[in-house]
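Student: I've got this model open and I'd like a close look at one part of it. Could you walk me through a single spot and then connect it to the charged pairs?

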Amino acid sequence: MFKEMKIRVFVGMMIVFAVVVELILSKYDTPEIYKRMISDFVTFETVALLFFGYYFYKHKTPLHTVVSEGREKISFLSILGVALIFNVFSLTSYWFYLYIQDSLVSLDPFVILPPTGSAFLLIFMMITSTLTGPISEEFVFRGLLLNRLIKKTNMWSGILISSLIFASVHMEWEKLFATFLFGVIASFIYLKTKSLFVPILLHIVHNAIVFIQTSIFPAWTKSLFLASSDDIHVNVVLKSTLLVISFLLMIFIIVYLARSIYSDRRKVAKKSQPEEFPFPSETISSQ
């Protein structure tokens with residue numbers, strides 16, 4: 001079904017909703033952080049709900065058959081392991097970005113503060129970052145975009161282009177490469193399992209880990225990785241080691257999934273070949 005959906009329709013809906021939301025919010029004296037959260041929620045997650053809901057209703061397709069139609073299963077511990085590996089790589093690659101930048105051009109002193117605000121704001125952030133956001137993003141980038149690109153190009157082009165777009169729309173340039181690798185892994189997991197449920201679960205687990213680190217228990221992460229500009233040149237060997245190890249593990253995961261997908265395709269192609277006649281092909285002359 002995803003291969004029949006039109007990307008231009010989804011993008012057009014996003015533009016229309018974004019313009020309408022900006023016009024409405026401009027009439028109210030709302031704090032900028034609230035404006036950004038409302039705008040992101042309406043122009044992406046609400047549009048995704050309407051867009052996919054329309055297609056599923058039109059084709060009378062139950063949601064569970066779209067999310068978990070594949071037979072390949074991956075354990076939750078494997079998902080948790082991948083999420084933790086990516087989390088370490090994301091943190092250390094962000095530190096490495098600041099380390100290189102500070103070495104080339106001395107950075108101004110800074111302190112990383114946990115998000116603050118009302119209880120409503122934190123609850124809204126938790127829901128959008130750990131539930132609605134991951135679900136809508138996986139439907140858009142792995143369901144819609146990846147399938148459409150594979151249909152028009154090939155598997156590798158579809159994975160790389162969709163992952164690059166996925167990383168770009170997050171607009172966190174210091175984490176661009178890390179987010180790109182996450183998109184690649186999520187794409188391979190989707191193609192391997194033929195189910196959106198597994199990449200959705202991976203996305204939810206990863207975002208939940210990040211939310212816990214930044215909003216509930218930020219002290220541990222900051223003490224190990226980065227709390228201020230003073231920490232950039234502290235524990236350089238440890239951070240570099242974790243960066244290299246986590247990067248190699250992510251590459252290993254990508255290679256393993258790619259080889260597994262190619263192996264599955266070879267098995268399917270072999271099964272689809274007609275069986276050879278068990279007897280010799282020579283004509284047996286009648287006596």
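Tutor: Phe 86 counts as buried, with a relative accessibility of 5%. Keep in mind that this is a predicted model. The residue sits in helix 4, which covers residues 76-104. Leaving aside residues up to four places away in sequence, Phe 86 touches Ala 178, Thr 179, Phe 182, His 206 and Met 250. Leu 249 is worth a glance too: Phe 86 and Leu 249 are 163 residues apart in sequence, yet their C-alpha atoms are 9.0 Å apart in space.

Now for the charged pairs. Searching the whole structure turns up two salt bridges. In one of them, Lys 192 pairs with Asp 264, and the closest N and O atoms are 2.6 Å apart. That pair links distant parts of the chain, since Lys 192 belongs to helix 7 (residues 176-193) and Asp 264 to helix 10 (residues 236-272), 72 residues apart. Lys 192 is buried, at 11% relative accessible area, while Asp 264 is partly exposed at 24%.

The other bridge joins Arg 142 and Glu 138, with 2.7 Å between the closest N and O atoms. As background, side chains of opposite charge can pair when their charged atoms come close.

Note on methods. Residues are numbered from 1 along each chain as its sequence is written. This is a predicted model: local features need pLDDT of at least 70, side-chain atom pairs count only at pLDDT 80 or more; totals for chains, interfaces and linings use all residues. Side-chain values use heavy atoms; hydrogens and water are left out. A salt bridge is a side-chain nitrogen of Lys or Arg within 4 Å of a carboxyl oxygen of Asp or Glu. Helices (H or I, at least four residues) and strands (E, at least two) are DSSP runs, numbered from the N terminus. Buried means under 20% relative accessible area, exposed over 50%, partly exposed in between (1.4 Å probe, protein chains only). Contact means heavy atoms within 4.5 Å.
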